[in-house]
Amino acid sequence: MTSNSSLAEALAAGTVVLDGGMSNQLESAGHDLTDELWSARLLAERPEAITEAHLAYFEAGADVAITSSYQATFEGFAKRGETRDRAAELLAVSVELAREAATRAHAKGVTRPLWVAASVGPYGAMLADGSEYRGRYGLSVEELERFHRPRLEVLDAAGPDVLALETVPDADEAAALLRAVRGLRTPAWLSYSVEGRRTRAGQPLEEAFALAADVDEVIAVGVNCCAPEDVDAAVEIAARVTGKPVVVYPNSGEAWDAEARAWNGRSTFSPGQVRAWREAGARLIGGCCRVGPGAIASIAGTLTSA
């Protein structure tokens, strides 16, 4: 453990700051991510770059680093010619790199507790065609569980503080993930990608969050990779339906064009919004795509001063 206290204990005591987007931080450092594996490609090719990206967020004020394993899957690595053993090794490396960044942050004077969240992206992230923003893959809950469980077992064995079941577009996939985390030693949070008061696949958030209400392995529920404008209602629903701490890390507000693999529009994210999110029940607060260290520093400052 990077901290002597668990993340669940920290959430019971107050608010914890998450990091921002891994991809935009890597791109700003000059790395080309135009690849189906996205930032996961650098696990093999440039692991030091990932450590440096995590460190930038820790130094900006983040308490939790989310690993670069969002699109790291056995199937995705196989397309690049990697063996199953090598893919498992790279998944474990994603946790090790975040741990190394925490060690460096402490060596550079950061004194607060730091945690590592192992990212578990949805099935659509492996497809790399934007379907993580749609869901409805045509697979059963059982098939999705079989897809997710092996990767979860590898990440669990790598020893993160929490498993981030994130950007989940579909309540059916959430049900599969919740079945897949049963019996693992690492707790999890469940975070949907949403539009309005519904999942991206169209299910009411009341129903989607209710799936996790009685799952002991889940220590927080919420939303990520959504527009900032969609957060307020989601936080209220998640807190009311589950009684669990809420996790929130929206995008900048720009829109992702999956075909062009580019962001369009303007940012609508304001660090000042976090006060209202915290008052509504959010306890893990950060940013996702296009939210960088500067914004995370502002979030940390706002939460500390408020």
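Does Gly196 count as buried, exposed or partly exposed, and at what relative accessibility? Gly196 counts as partly exposed, because its relative accessibility is 28%. Buried means under 20% relative accessible area, exposed means over 50%, and partly exposed lies in between (1.4 Å probe, protein chains only).

1. **What you are looking at.** This is a predicted model, in which local features need pLDDT of at least 70, side-chain atom pairs count only at pLDDT 80 or more, and totals for chains, interfaces and linings use all residues. Residues are numbered from 1 along each chain as its sequence is written, and side-chain values use heavy atoms, with hydrogens and water left out.

2. **The whole chain.** The chain has 13 helices and 12 strands. Helices (H or I, at least four residues) and strands (E, at least two) are DSSP runs, numbered from the N terminus. Of its 306 residues, 58% count as buried. The chain exposes about 11,700 Å², and carbon and sulfur atoms supply 47% of that area. Accessible areas come from the Shrake-Rupley method with a 1.4 Å probe; for residues, only the protein chains shown count as cover.

3. **Contacts along the sequence.** Take the contacts between residues at least 6 apart in sequence: 77% of them join residues at least 24 apart. Contact means heavy atoms within 4.5 Å.

4. **Gly196.** Find this glycine in the loop between β6 (194-195) and β7 (198-199). Set aside its neighbours within four places in sequence, and Gly196 is in contact with Leu205 and Asp230. Ala233 is 37 residues away along the chain, yet the C-alpha atoms of Gly196 and Ala233 are separated by 7.7 Å.

5. **Helices α6 and α8.** Look at α6 (residues 84-107) and α8 (residues 141-157). Their axes come within 9 Å and cross at roughly 50 degrees. Axes are lines fitted to C-alpha atoms, for helices over the stretch in contact, and angles run from 0 to 180 degrees between N-to-C directions. The two helices are therefore oblique to each other. Angles under 35 degrees count as roughly parallel, over 145 as roughly antiparallel, 65 to 115 as roughly perpendicular, and the rest as oblique. From α6, the contact uses Arg84, Ala88, Leu91, Ala92, Ser94 and Val95; from α8, it uses Pro150, Arg151, Val154 and Leu155. By class, that contact has seven nonpolar, one polar and two charged residues. Ala, Val, Leu, Ile, Met, Phe, Trp, Tyr, Cys and Pro count as nonpolar, Asp, Glu, Lys and Arg as charged, and the others, Gly among them, as polar.

6. **Helices α4 and α13.** Helix α4 (residues 47-60) packs on helix α13 (residues 293-305) at an angle of about 30 degrees, with the axes 8 Å apart. That angle makes α4 roughly parallel to α13. Ala56, Tyr57 and Ala60 of α4 meet Pro293, Ile296, Ala297 and Ala300 of α13. This contact has seven nonpolar residues, no polar and no charged.

7. **Two positive phi values.** Check Arg136 and Cys225. Arg136 sits in the loop between α7 (123-127) and α8. Its phi is near 55 degrees, a positive value in a residue other than glycine. Cys225 lies in the loop between β8 (218-224) and α11 (231-242). Phi of Cys225 is also positive, near 55 degrees. Cys225 counts as buried because its relative accessibility is 2%.

8. **Glu217.** This residue is in the loop between α10 (205-210) and β8. At 17% relative accessibility, Glu217 counts as buried. Beyond its neighbours within four places in sequence, Glu217 is in contact with Val181, Arg182, Gly183, Pro187 and Ala188.
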